[in-house]
Amino acid sequence: MPDKRERILSSAEALIAQRGFHGISMQQVAKRANVATGTIYRYFSDKETLLRCVHEERLRDAATAILQNVDAEEPSYAQFRQLWLNTMHYLQASPDSLCYRVQYEASPLFNREEERQMDERYFKPVHEFFECGRVKGLFRDLPAELLGFLALENLMLLIQKCTKGCIELNDDIYEQLLDASWNAILKR
């Protein structure tokens, strides 16, 4: 069983993914986490701190997962494939994280400068992968952030549609989508 702090974070994430930011209370988080409401305040000073912690820790978890077995300094199809598949598998395994992120970025808590700093802290190797490929002439001459967007960000919407049952995908389609993402960033 996860520790209390992680249960609190996961409960807040799941509740917000289901109900939105304004649809939850600390009491609901405590009930779902199977802890007393006062226990939450041992870890987080207030609801805003809890929600910011969920956001940052899930970004960190996402970066760790998607960068597993990826050499950011070696842009190649094999490395891109690993990065793309890691991203897809993380999103499939963490649907609440995806919904939470969308909710967070639409909330008053979202701060562009804080987000930029976290992006730099956790996703720098991803940007370096795309920048290295651009410099080597493999990828289009676009900023690394945009190359990453073209190649990976669309997976968030795709997996969200799959999770909600709006579309069905199989391994063959995933391979075609992977190929399309690769071709979208290749220099022509």
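**Exercise 1.** Which residues have the most contacts inside the largest nonpolar core, and how many residues does that core have?

*Solution.* The largest nonpolar core has 35 residues, and F80, W84 and F130 have the most contacts inside it. A nonpolar core is a set of buried Ala, Val, Leu, Ile, Met, Phe, Trp, Tyr and Cys residues joined through side-chain atoms within 4.5 Å; buried means under 20% relative accessible area (1.4 Å probe, protein chains only). At least two residues come from each of α4, α5, α7, α8 (144-163) and α9 (171-185), with α8 giving the most, 8 residues.

This is a predicted model, in which local features need pLDDT of at least 70, side-chain atom pairs count only at pLDDT 80 or more, and totals for chains, interfaces and linings use all residues. Residues are numbered from 1 along each chain as its sequence is written, and side-chain values use heavy atoms, with hydrogens and water left out.

**Exercise 2.** Is E57 buried or exposed, and which residues does E57 touch?

*Solution.* E57 is found in helix α4. Its relative accessible area is 12%, so E57 is buried. Leaving out residues up to four places away in sequence, E57 touches R5 and L9, where contact means heavy atoms within 4.5 Å.

Notes: Buried < 20%, exposed > 50% of the residue type's maximum accessible area, 1.4 Å probe, protein only. Helix = DSSP H or I, 4+ residues; strand = E, 2+ residues; numbered from the N terminus.
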